[in-house]
Amino acid sequence: MTFPTEGTILALQPEGTRLRAVTLERQNGQIRSATIRELEPETSSVLAMVAESEAVGVLIMLPGSAMVVRTALLPGGSDQDLLPALTIQSEALLGSEHPEHRMGRGLLPAAPGESNRIGVLTSWPVQMQANALADLEDQTEIPVRWTTPAAGLAGLMGAHRPTGPLVHANSHTGSATFAWSHAGGVGFRNVLLPPGEHWPPSVGRAFQESALGSGAPDSWAAAAGEALQTGLASLNGSITILPHEVASELQEQTGLSSAELGTHGILIGALLIDPQGAGLAGLRDAMPTENPDFQARMTAALSVPRTARLIVAAAALILIFGPIVSAWTRLSVVESRNAELASMVQDADALERSLAHYDTLGNTGFSAVKVLSDLFTNLPRGIRVEGVRMNTRDASFSLTGKSIPDRSAGVSATDVIESMRQQLGQDRMFSRISLNWEEPDAFGHLEFTLSGRIDKPHKDVMYQRERDFAAYSLAARMYPDAFPNDQTSEGSALEGSAAPVDATEATASTTQSDFVASEESNNDDSRGEIEARLNRPGLTGGDNDTASMADANDRGGSMVDPNLIPQPLSLAQVQALSRDEITAEIKTFSTAYNLLRQNGASKEDNPQHALFLQIQASWKDLRSELLNRSREGNN
Amino acid sequence: MGEQQSPVLRLGLPAIAVMIAFGLWSSLLGPVASEMHMKADRIESDAKRLSDGADLAVRLGRAERKDRNATGDLIVAFGEVASPPNENEAGSSLLALINDIREEFGNAIREDTFRQGVGAMIPKTEARRILGRDGAVQRVTAEYQFVATTEDAIRILGRLEGSPSVDLVTEVRMTKEDGGRIAVSCSMERWALASVRRGA
């Protein structure tokens, strides 16, 4: 970061417990005005001053005790030509142990008539640390430079060759810096003497020795030494002593008084000799480092052949293996997120195929056993079946048999047939029923042929008890005294179109056909099996016919023995059952459901209505769970 | 001067090398990446299908609760079904079922006969749904005739229809016989993978 030549510069010099500050407004590298301040020797106060004065650069004056100064006599020439020569001489005069950033080089402007040029070399040894304001550079964006009292004196002297010396002295540190002109040019010296009461005469003698060493007349050296001793006798702190001609010109230039120049003039001098802050006023505490931006750093890194080759190799590897790594990563993520997917897909496919299988079965045919069961259920007493044919493809059926009249009850054979036809058409399960019968035989039996279509083979008809020979067996109807627990009230038993026939049927010979109703116990068992398989509530007749037990206390509001009713199951309990257990429970709950319903528990005023609802809910849960298991293919 | 390569060589050789490298990559490594991407696509597709299927199942479940003649009733009515075996296995399983029934009922079954044949094909669209892929499904038909008591006859019919070896009982004929027995003729069919496509 270069030091600005325009704008306000804040120049600082530690002085005891205070900090001398001068804000210098510059134009074209020249000081236009100066303002004096006093600050606390703290970084924060300096930063506040920087902000307040809108300074664009900071120059800090090192103490004389922290510097080395040398002069070099150069031949006449331009600064551009002489500075390289001065650089070479600096190694000889200052030594090579000084780092470049802590060395300052500059040329005094040539005085009129002067043939040689005076080079000034200053150094800030590395062992001399900038105790005060050392951290300022880290806390501000503006450039910070350091300079020495010798540079300040060189700037104040400029092209002047005054008869008196320029002196910057500090009574606290004991340092004193001299600049004086003599016949051979200009001399600079910096001395560090013990402070105290002997310090002023010591400084005077030191100057006298220096002047004599440079070839100055003895009388002049002695007078100047004494004058210096006198001037420093009452000094408490630091001061810059300037010859009159130098001070007067500087007063005009900066507007500062003579006293102000004595205290702050040294700071102004440093900027006069090195407005760019690159020479005598361009010392730095630490070696400057470049801080390039990211693009510059990347460009520099890529400019290294080895780095460039590595990057090209890496790019090639990425191009070659990148797609595979990317695909593998994606696949791994997808697989980890769907670890069980393969088996689930397999199960889902199997389920879909099974459902399609059932759909096709449903569209193609139906369960013959279930429809046979429905068909026989709709045959009233008095019908003797001789033959049955059922085709599930064209959904047709035919029935041949005999209709047997009940003369004692006044029921003719045709009445029985009509009753059968009505029952078959009652639930809209069968349709297009046609009947043919011939002349009755000698006993009045009428041979008939019945045919029709099966419209709703999957319909789950909830048969009334009087039509359901599983719930109310033929034996119980024929021999009520032998089945006292299987009776029903007269009023409720005589329902439906079969009522006249059922109510008047009395003879054993007019029972259902041999393989339908006359073998009532066998028939009950068969129906129980069929209906249990079809999961029809209410038709799962057990060995003792649960429906008959339900009738023990008459129907329509009677109480069912609680021992016959299973405990309702919660959904969680249902889900915990195996598939076989669910199937078994469905049968149990179907029986209980029908038992309760037949005893009027479905009515709200029935005391067992709540239990009925619970059983109904459990039955529905069981059935839904079985359906879900079937879909999922689980057990 | 002899070391100065012509532009053709200077630019052409690297171009050829790049083309060869790309060819090797596209034939060796490219397919590996493509295959992994395809597998990932398939998994994502399956996951989406399962998710959609689950939604559908929920909707179907709600619908079936309102419709008594839905799939649930079919499942209860037809019992367990099995995916179609090949024709030989279908025939063998039918015969094995009959043998099991004969063994179980013993002398309760009289005058029984068993015939087996091949019926029509299941329509292609339904066959594809049943199989989950393209394929032909053949009806393997059978007819079992026997004489038994009413009770046994009903049980035997239940065994036949409830068995996974029988998909559908197509016809039942029952005729009263003497001695409280009935003669039963039961036609059934099992759906099987067609060994040879008809018309092919």
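Two residues are in contact, or touch, when heavy atoms of theirs lie within 4.5 Å of each other. Keep that in mind as you click around this model, which is predicted.

**Stop 1**

Select Met390(A) and show its surroundings. If you skip residues up to four places away in sequence, its partners in chain A are Phe366(A), Ala368(A), Val371(A), Leu372(A), Leu375(A), Ser396(A), Phe397(A) and Ile454(A). From chain B, Thr170(B), Glu171(B) and Val172(B) touch Met390(A) too.

Now widen the selection. Met390(A) belongs to the largest nonpolar core, which has 55 residues. The members that touch the most others are Met390(A), Leu399(A), Met420(A), Leu160(B), Met174(B) and Met188(B). Apart from that core lies another one of 38 residues, including Ala11(A), Ala34(A), Leu59(A) and Ala154(A).

**Stop 2: helix α12**

Click along it and you'll pass Ala368(A), Val369(A), Lys370(A), Val371(A), Leu372(A), Ser373(A), Asp374(A), Leu375(A), Phe376(A) and Thr377(A), the buried residues of α12(A).

**Stop 3**

Most residues other than glycine have a negative phi. Here are two to check against that. Ala395(A) is not a glycine, yet it has a positive phi of about 55 degrees. Find Ala395(A) in the loop between β13 (383–391) and β14 (396–403) of chain A. With a relative accessible area of 11%, Ala395(A) is buried, because the cut-off is 20%.

Then jump to Glu111(B), in strand β1 (residues 110–121) of chain B. Its phi is positive as well, near 50 degrees. Is Glu111(B) buried or exposed? Glu111(B) is exposed, with a relative accessible area of 63%.

**Stop 4**

Back in chain A, colour helix α5 (residues 199–213) and helix α6 (residues 218–232). Their axes are 8 Å apart and the packing angle is about 155 degrees. Angles over 145 degrees count as roughly antiparallel, so that is how α5(A) and α6(A) run relative to each other. Their crossing is right-handed.

Show the side chains where the two helices meet:

- On α5(A), pick Trp199(A), Pro200(A), Pro201(A), Val203(A), Gly204(A), Phe207(A), Gln208(A), Ala211(A) and Leu212(A).
- On α6(A), pick Asp218(A), Trp220(A), Ala221(A), Ala222(A), Ala224(A), Gly225(A), Leu228(A), Gln229(A) and Leu232(A).

By class, the contact of α5(A) with α6(A) has 13 nonpolar residues, four polar and one charged.

**Stop 5: Ile241(A)**

Ile241(A) touches Leu228(A) and Leu232(A), along with Pro165(A), Leu166(A) and Val167(A), leaving aside neighbours within four places in sequence. Try the distance tool on Ile241(A) and Val167(A): they are 74 residues apart in sequence, but their C-alpha atoms are 5.0 Å apart. At 25% relative accessibility, Ile241(A) counts as partly exposed.

**Stop 6: helices α7 and α8**

Next, select helix α7 (residues 244–254) and helix α8 (residues 258–273) of chain A. How do these two cross? Their axes come within 11 Å and cross at roughly 80 degrees, which makes α7(A) roughly perpendicular to α8(A). In α7(A), look for Ala247(A), Leu250(A), Gln251(A), Gln253(A) and Thr254(A), which meet Ser258(A), Leu261(A), Ile268(A) and Leu272(A) of α8(A). This contact of α7(A) with α8(A) counts five nonpolar and four polar residues, with no charged ones.

**Stop 7: Leu626(A)**

Go to helix α22 (residues 609–632) of chain A and click Leu626(A). Leu626(A) is buried, at 15% relative accessibility. Apart from neighbours within four places in sequence, Leu626(A) is in contact with Arg579(A), Ile582(A), Thr583(A) and Ile586(A).

**Last stop: both chains**

Zoom out. Chain A has 22 helices and 16 strands, and 51% of its 635 residues are buried. Chain B has five helices and four strands, and from its N terminus they run α-α-α-β-α-β-α-β-β. Of the 200 residues in chain B, 40% are buried.

Notes: Residues are numbered from 1 along each chain as its sequence is written. Chains are lettered from A and ligands numbered from 1 in the order in which they are written. This is a predicted model: local features need pLDDT of at least 70, side-chain atom pairs count only at pLDDT 80 or more; totals for chains, interfaces and linings use all residues. Side-chain values use heavy atoms; hydrogens and water are left out. A nonpolar core is a set of buried Ala, Val, Leu, Ile, Met, Phe, Trp, Tyr and Cys residues joined through side-chain atoms within 4.5 Å. Buried means under 20% relative accessible area, exposed over 50%, partly exposed in between (1.4 Å probe, protein chains only). Axes are lines fitted to C-alpha atoms, for helices over the stretch in contact, and angles run from 0 to 180 degrees between N-to-C directions. Angles under 35 degrees count as roughly parallel, over 145 as roughly antiparallel, 65 to 115 as roughly perpendicular and the rest as oblique. A crossing is left-handed if the near helix is turned anticlockwise from the far one by less than a right angle, and right-handed if clockwise. Ala, Val, Leu, Ile, Met, Phe, Trp, Tyr, Cys and Pro count as nonpolar, Asp, Glu, Lys and Arg as charged, and the others, Gly among them, as polar.
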